[in-house]
Amino acid sequence: MKKDNLKHRDINWLYFNERVLLEAKSDDTPLLERLKFLAIFSSNLDEYFKVRVSQLRQIKNLDKKFRKKLMFKANSTLQHILQTVNEQQVQFGKVIASTLAQLEEHDIFIKNSKNISENQEQFLEELFLNDIKDACEIHEENAFLTDGALYLAVAHPGDEYSLVKIPTDGQERFIPIPGDGHQFCYIDDAIRLNIDKLLPSKEVLGCYSIKLSRDAELYLDDDYSDVELVEKIYNSLDKRLSGQATRLLYDESMPNWLIDSLKRDFKLGSVDLSPGGTYHNLSDFFSFPAPEGTAHLQYQEKPALPHPELSFTTDIFNSIATKDQLVHFPYQDFKVVEDFLTAAATDPQVKAIKMTIYRIAKSSSLADAILTALDNNKEVTLFVEAQARFDEANNIKWGRIFEEKGAKVIFSIPQVKVHSKIAMVYRIEGEIEKRYAYIGTGNFNAKTSKIYCDHGLFTAHKKITKDLSQVFQVLERKLIVPKLKRLMVSPFTTRITFMNLIQNEITAALNGKKAGITAKMNSLEDSNMIKALYRAANAGVHVRLIVRGFCCYLTSNENPSDGMKDNVYITSIVDRYLEHGRIYLFENGGDELMYIGSADWMTRNLDRRIEVLTPILDEDIFNELKHILSLQLNDNQKARILDVNNTNKKVDMADGDAPIRSQYAIYDYLKSKLNENG
């Protein structure tokens, strides 16, 4: 299969972000929630330019033989990306305008410098002089622009300009202003209206918003399997300066001479210039204040449910020892994970705690539990991922705190990220040491557990916990290769196990038996896994996928001479919560096998990260998770089809079908199970 038979991951990612934008556009998304989807779209795009586009720009500058080995056509890819981004930015602007217009029908107004009343202007003048003016930074031409910060480029006569950095620390982006209903304005406009007081000695011709994105590091080791090639790439670059400018987003009404001046002064190319609207950093819509009396413009509250067993037990270890327990976030309360670690921290029978930390909250009960365990002289071993993109500083900070308190802290191995979400408690029970494990699909982070859809298994199963103890020995560098019986662990057994499971389905199909593969993941990118799925589809295996993010699989073969069958149906769900769980289900001749864990079908997850996936062995849990997966497979409200042309078409409801919005259906299902258990 040629490389061209795959969708380009960086281009396809844009169609994932389009699905986010479509939620902002959707009539069934409450108005104030649409602002949050606009914020997500904006935030996603910022990160995309900092990392993915930055990487492409660097590769474009490499020697041709290296580009050929990478099979990259960076110039054409960049052109395609920029064209698509510009088209989406137009749609983004239309959705913002439509949303704000509809908010006005509910007496919520975001005023601008052109339609603010005289009284409001006086209010903003006083506010500016008292609270904003001293916080503004003024720069002359050719200053260093902070990555992601907001600036006003102020035009002066004689083709001169000044830069004003809009303050964010201690300042709200949206300022409540007096007036009927609920009225707000951007802090940007408070500065625009009073720019003469900030620059009294200069004539002002106009103020235009700009924002510069900078290279957030290449992270080539994340995406390419040839370590030697990675070294060559790094060594080939004459300059790989951290923070190189990659994208200037500017107000499209800006005069050409000012665009040219900024381009010259910040050493930008034409591909680095992105026209936009009057306001940037619309990720700040996350913090838009919800006025009183607007609950009907927000999602109906769905408080996290207690877990039917773990939230009520007086002995969490006995509950897990008696029967495996499965938790689902955000539908159920993350507190059960914190309770597990708190119990371990205070239980005199607990000898040791080991866990991985990929993204830890800045403050949390989980961190408190670890500190309590250290105060109680427990052996605590933590594996902290120092390369968790954009969370490096916070992870390292917490790692140092735990280390100072007496924990054994091991930071990630170079070029191998610890992406697994695992914890183990070692407890002395009578004469023996018993192990209690947690294996999840999401991070140990109470904050993200409220918006990320994830699953976590608590188990004391001897073979699973024995395997997991070997994983921890690998992380402690006491063991090179684990001998595993039950778990899939990257980079050791995950790829080969998945390949064998797919081949089993192919063999069954060729023998005329029922065969099926159902998989839910965040991203599908690995070419060998996709080749295996192509082979499975061609053999007659029923393949059904749910992929939230980018998906490099082509659902229709474009070369009929290959004789491939289009037997794969792929959907994506973007809704109120972020789908983050990974579930893999195989028909296995009628004796179904199911795995959950941290790994997507991406090369980095299979070959260069420490990932853990566990089989679901408990029959009740298996059926529960299969029912949840079934609801997602049958979603006909928020699911969109991933097709060849990236249309993001919604799944059609057949006549007589009941509407299924899977995230709400899952919540109702778990709530009913809770009620059944009394």
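Is R576 buried or exposed? R576 is buried, because its relative accessible area is 18%. Here, buried means under 20% relative accessible area, exposed means over 50%, and partly exposed lies in between (1.4 Å probe, protein chains only).

1. **Ground rules.** This is a predicted model: local features need pLDDT of at least 70, side-chain atom pairs count only at pLDDT 80 or more, and totals for chains, interfaces and linings use all residues. Residues are numbered from 1 along each chain as its sequence is written, and side-chain values use heavy atoms, with hydrogens and water left out.

2. **Overall make-up.** The protein has 19 helices and 26 strands. Both are DSSP runs, numbered from the N terminus: helices are H or I with at least four residues, strands are E with at least two. Of the 678 residues, 58% are buried.

3. **Surroundings of R576.** R576 sits in the loop between β21 (568-573) and β22 (578-579). Leaving aside residues up to four places away in sequence, R576 touches F37, Y299, Q300, E301, K302, Q663 and Y664. K638 is 62 residues from R576 along the chain, and their C-alpha atoms are separated by 9.6 Å.

4. **The largest core.** A nonpolar core is a set of buried Ala, Val, Leu, Ile, Met, Phe, Trp, Tyr and Cys residues joined through side-chain atoms within 4.5 Å. The largest one has 84 residues. F285, F498, I502, L524, Y553 and W601 have the most contacts inside it. Helix α2 (residues 31-60) gives the largest share of this core, 12 residues.

5. **W601 and a second core.** Which residues does W601 touch? Not counting residues up to four places away in sequence, W601 touches F498, I502, A519, M521, S523, L524, E525, D526, M529, L533, Y584 and L606. A second core is separate and has 39 residues. Among them are I320, A373, A423 and F458.

6. **Helices α15 and α16.** Helix α15 (residues 494-510) packs on helix α16 (residues 527-539) at an angle of about 10°, with the axes 9 Å apart. Axes are lines fitted to C-alpha atoms, for helices over the stretch in contact, and angles run from 0 to 180 degrees between N-to-C directions. The two helices are therefore roughly parallel. That label applies to angles under 35 degrees; over 145 is roughly antiparallel, 65 to 115 roughly perpendicular, and the rest oblique. From α15, the contact uses R495, F498, M499, I502, I506, A509 and L510. From α16, it uses N528, M529, A532, L533, R535, A536 and A539.

7. **Helices α11 and α12.** The axes of α11 and helix α12 (residues 365-375) come within 8 Å and cross at roughly 10°. So α11 and α12 are also roughly parallel to each other. Their crossing is left-handed: the near helix is turned anticlockwise from the far one by less than a right angle, whereas clockwise would be right-handed. E338, L341, T342, A345 and T346 in α11 meet S365, L366, A369, T372 and A373 in α12.

8. **Salt bridges.** Side chains of opposite charge can pair when their charged atoms come close. A salt bridge is counted when a side-chain nitrogen of Lys or Arg is within 4 Å of a carboxyl oxygen of Asp or Glu. The count is 31. K354, K408, E476 and K478 are linked in a network of them.

9. K335 and D339 form a salt bridge at 3.0 Å, N to O. Both lie in helix α11 (residues 335-346), 4 residues apart, about one turn of the helix. K335 is partly exposed at 44% relative accessibility. D339 is partly exposed at 27%.

10. **Bridges between distant parts.** K351 and E433 meet in a salt bridge at 3.7 Å, N to O. This pair links strand β11 (residues 350-357), which holds K351, to strand β16 (residues 432-440), which holds E433, 82 residues apart. K351 is partly exposed at 39%, and E433 is partly exposed at 36%. K626 and E592 also form a salt bridge, at 2.7 Å, N to O. K626 is in helix α18 (residues 619-633), and E592 is in the loop between β23 (582-586) and β24 (593-597), 34 residues apart. K626 is partly exposed at 32%, and E592 is partly exposed at 22%.

Note on methods: Contact = heavy atoms within 4.5 Å.
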